[in-house]
Amino acid sequence: MRAKFSEEVLSDRDNAEMASIMRACVHCGFCNATCPTYQLRGNELDGPRGRIYLVKSLLEDDGVGESTQTHLDRCLTCRACETTCPSGVNYSRLVELARPLVDKKVDRGRVDKIKRWLIRLIVPYPRRFAAVLFLPQLLKRALPRVLNELIPAKENLLPTQKQSNHQTKMILLDGCVQQNTGSNINAAAKDIFDCLGVQLLSNSASGCCGAVSYHLGEIEEAKHFARQNIDAWTEALNTGAQAVVSTSSGCTVMLKEYASLLRDDLDYAARAKRVTELVRDPAEVLDVDLLGEFYQVPSSPRIAFHPPCTQQHGLGVSHYVRGCLKAVGFELTKVSDEHLCCGSAGTYSLLQPKLSRELLDRKIAALGGDAPSAIASANIGCLLHLRRRAPTPVVHWLELIRPHRLGGR
Ligand code: SF4
Ligand code: SF4
């Protein structure tokens with residue numbers, strides 16, 4: 001992409017990085033074909049190529065306004081465009097760098113500001129989130145359907161088994177939202193890993209991965225969460241923990257960002273880099289042959305797997321989950337347009353409810369096309385979002401496997 005950026009603009013490191021990302025774009029437009037918002041709206045500015053032009057105008061200080069902010073806000077940061085792009089344009093990095101810059105130039109409306117502030121005030125803090133959920137969960141059944149759908153059902157906590165003290169240890173992220181809406185997921189991970197000879201270590205001093213703040217452009221706040229987690233894990237890492245595992249792929253992708261996020265922090269840069277290097281999706285570290293030896297489903301239930309965007313486009317590891325599910329005996333149904341986002345996308349469903357809902361309805365139709373008995377996924381946001389409309393149970397893939405441990409092993 002040809003662009004004329006001033007020396008002054010390029011003297012800023014983030015601007016220079018954005019300019020370099022944009023230069024890789026050859027305007028081919030292949031990315032529009034797989035962009036969910038372009039498909040919904042058919043507007044060039046709601047596709048990746050158009051948004052790249054908007055960021056170019058931002059750096060050229062040429063006509064940046066509310067419309068720039070609106071079109072960047074509509075982007076799910078799902079990264080489907082990155083998977084499609086033949087030139088390897090790092091689109092998500094470009095948008096993450098551009099958003100805070102746009103927010104400095106364009107004032108947000110009051111309602112939008114309050115929404116964003118409330119999300120940051122509540123969502124990353126499990127106790128606050130639990131307090132906010134308490135009454136709506138109690139009244140959930142009495143609420144009209146449109147409100148009922150928004151409130152996650154209270155979880156039935158399954159009994160946890162005592163973990164053995166294995167030589168192989170890995171750190172497990174507790175997370176934030178998942179603590180109140182999906183505790184059985186980490187319990188399932190601990191049981192399965194334990195059975196396969198790996199001890200997963202939790203540390204209550206860790207918390208939100210920082211993704212909520214990061215995606216809302218609050219970079220300093222995201223750094224605070226990252227430092228908190230790094231501090232909580234330092235001892236375990238120093239005593240031999242071999243990996244940092246997260247059962248929510250949105251968090252896994254964020255943990256991978258720690259090295260870049262804290263690269264200028266003299267106290268944390270080296271430790272952040274170490275965490276980034278050790279971050280893994282559970283499916284990457286599970287021994288699939290061993291898993292198949294210890295866990296088997298009696299008949300081959302047909303399930304639909306929804307690979308979260310963060311897992312398929314961000315981490316590129318969703319094929320490992322498929323391998324694990326097949327090894328245990330599940331039959332995976334055909335799902336059309338698998339690359340498209342379900343509309344959850346972190347805080348997107350709260351900030352862009354209309355687009356999010358349209359994507360959800362399309363995704364539910366695609367997942368149900370081959371008549372599965374359940375839907376499996378790998379990210380708490382996607383699970384909660386899909387449950388709003390799915391006619392079948394929606395569960396984390398580790399929860400699907402957990403009950404099928406072969407007797408006596
Ligand atoms: S990240 Fe997703 S929504 Fe955003 S431009 Fe790329 S494909 Fe479209
Ligand atoms: S596919 Fe890649 S190179 Fe082509 S327009 Fe999109 S971002 Fe640019």
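Contact here means heavy atoms within 4.5 Å. This is a predicted model, in which local features need pLDDT of at least 70, side-chain atom pairs count only at pLDDT 80 or more, and totals for chains, interfaces and linings use all residues. Residues are numbered from 1 along each chain as its sequence is written, and side-chain values use heavy atoms, with hydrogens and water left out.

**Helix packing**
- Helices α14 (residues 219-238) and α17 (residues 269-278) pack with their axes 11 Å apart, at an angle of about 70°.
- Helix α14 is therefore roughly perpendicular to α17 (a term for angles of 65 to 115 degrees).
- From α14, I230, D231, W233, T234, L237 and N238 meet R271, A272, R274, V275 and L278 of α17.
- This contact of α14 with α17 comprises 6 nonpolar, 2 polar and 3 charged residues (Ala, Val, Leu, Ile, Met, Phe, Trp, Tyr, Cys and Pro count as nonpolar, Asp, Glu, Lys and Arg as charged, and the others, Gly among them, as polar).

**Ligand 1**
- Around ligand 1 there are 13 residues, of which C35, R51, C75, C78 and C81 come nearest (a residue is near if one of its heavy atoms lies within 4 Å).
- At least two residues of this shell are supplied by each of α3 (36-41), α4 (48-60) and α6 (80-84).
- The shell around ligand 1 has 9 nonpolar, 2 polar and 2 charged residues.

Key: Chains lettered and ligands numbered in written order. Helix = DSSP H or I, 4+ residues; strand = E, 2+ residues; numbered from the N terminus. Axes fitted to C-alpha atoms, helices over the stretch in contact; angles between N-to-C directions. Parallel < 35°, antiparallel > 145°, perpendicular 65-115°, else oblique.
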